[in-house]
Amino acid sequence: MDTSLIPARVCFASRGHARVLIGGREWDALLTGHLEFLAAGPAGLPVTGDHVMVRPIDAATVIIEQLSPRRTALSRRAAGTRQEEQVLAANVDLAFLVTGLDGDFNTRRMERYLALAHEGGVEPVLILNKADACPVLAERLAEARSVAAGAPVLPVSALTGAGCEALEALLAPGVTAVLLGSSGAGKSTLLNRLIGDEAHATGPVRLSDSRGRHTTSHRELIPLANGAFLIDSPGLREVQLWVGRAALSAVFDEIAAWASECRFADCSHTCEPGCAVREHASPERLASFHKLTREAARHEETRSEKARWRAIHKAQKQIYKWRGH
Ligand SMILES: Nc1nc2c(ncn2[C@@H]2O[C@H](COP(=O)(O)OP(=O)(O)OP(=O)(O)O)[C@@H](O)[C@H]2O)c(=O)[nH]1
Ligand SMILES: [Mg+2]
Ligand SMILES: [Zn+2]
């Protein structure tokens, strides 16, 4: 083991440039070519939240030499048509899934976020923000609870601070939480409320459709005074799944439970007689389950295809190494 290396945590990462925290101090960080060479695609490069081993090269700069295995990771399929994983944040304990209680409110989108959290081994918390401006709060709460699959549903107002003590209680020392949600949902306002200052820019939403203006432009890990960490992130335009079908059983837990009562063990819950799922599940939930299952099945195919290519590339790299390239 190289004893000159120091453990650090990535607090910001973009192409070729990163910043890391060592103790309470922030350093600029460069990547070694070796690390880039070893990475199997962008998902193998450091992202916000990663633990790394670094070597200081001057008073303000370190080189990232090693990437530690991720305890948890929140990933989606990269935007656009590429079949590629985008790791949104690593080594997080809690996913604060923020929805605005305005035009942003959408239970189908919540299911997608929940699936990402379950797949990544991250505990989801559904946060319903802007409770101060919602005349139908009880109704919205019930709707969110009906898709939460047991995850906590917390109504808050980042603006007035109402309900925020429940979030503070979750942020115990050492815990890392990431704020995820659409642009304009109020993630940065919530972050400012939780860190107790106005350091992070927030922006207004269009009244016509409650959409935000993508005020936050990068993911950033912020240490809180009590030793917890909070990651703010830019609003996601689309939440494409990067999950297998197993994660969906956790999200659609009532469907998974009824499935055991279907007449056929391999019931697809589409046309079979004696289907307990079709009998009991709400039609919207079932339609959503089928849609996400198709996406997850496509993902499983890509994943096994990619794994095959990764194995081939790895073998090739090994050969180059032997030849001294
Ligand atoms: N009424 C009300 N408005 C809020 C609340 N929280 C945030 N807002 C407003 O919603 C708008 C968007 O807030 P931001 O915190 O910038 O949203 P964001 O999720 O960080 O957006 P991006 O950085 O673009 O992803 C701002 O005008 C906030 O003042 C709230 O609890 N109640
Ligand atoms: Mg923001
Ligand atoms: Zn069935």
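**Close-up views of a predicted protein model**

View 1. Strand E1 (residues 6-14) and strand E4 (residues 51-56) pair in the antiparallel sense over four bridges. Two strands count as paired if DSSP finds at least two bridges between them. Look for Pro-7, whose bridge partner in E4 is Met-53. E1 and E4 belong to a set of five strands that close into a barrel in the order E1-E2-E3-E5-E4, with mixed pairing. On average, neighbouring strands of this sheet are turned by 50 degrees against each other, direction ignored; the axes behind such angles are lines fitted to C-alpha atoms, and angles run from 0 to 180 degrees between N-to-C directions.

A word on the model: it is predicted, so local features need pLDDT of at least 70 and side-chain atom pairs count only at pLDDT 80 or more, while totals for chains, interfaces and linings use all residues. Residues are numbered from 1 along each chain as its sequence is written, and chains are lettered from A and ligands numbered from 1 in the order in which they are written.

**View 2. Where domain 1 meets domain 2.** The domain assignment (automatic or from a database) gives domain 1 (6-67), domain 2 (73-232) and domain 3 (245-321). Here 14 residues of domain 1 are in contact with 14 residues of domain 2; contact asks for C-beta atoms, placed from the backbone, within 7 Å. Strand E1 supplies the largest share of the domain 1 side, four residues. By class, that side has six nonpolar, six polar and two charged residues. Nonpolar covers Ala, Val, Leu, Ile, Met, Phe, Trp, Tyr, Cys and Pro, charged covers Asp, Glu, Lys and Arg, and the others, Gly among them, are polar.

**View 3. Asn-91 in its loop.** Find Asn-91 in the loop between strand E7 (85-90) and strand E8 (94-100). Strands (E, at least two residues) and helices (H or I, at least four) are DSSP runs, numbered from the N terminus. The phi of Asn-91 is near 55 degrees, a positive value in a residue other than glycine. Most residues other than glycine have a negative phi. Asn-91 counts as buried because it has 23 C-beta neighbours inside 10 Å; the cut-off for buried is 20 or more, with 12 or fewer for exposed and partly exposed in between.

**View 4. His-269 between two helices.** His-269 is found in the loop between helix H7 (253-259) and helix H8 (276-280). Its phi is near 55 degrees, again positive in a residue other than glycine. With 20 C-beta neighbours inside 10 Å, His-269 counts as buried.

Methods. Two residues are in contact if their C-beta atoms, placed from the backbone, lie within 7 Å.
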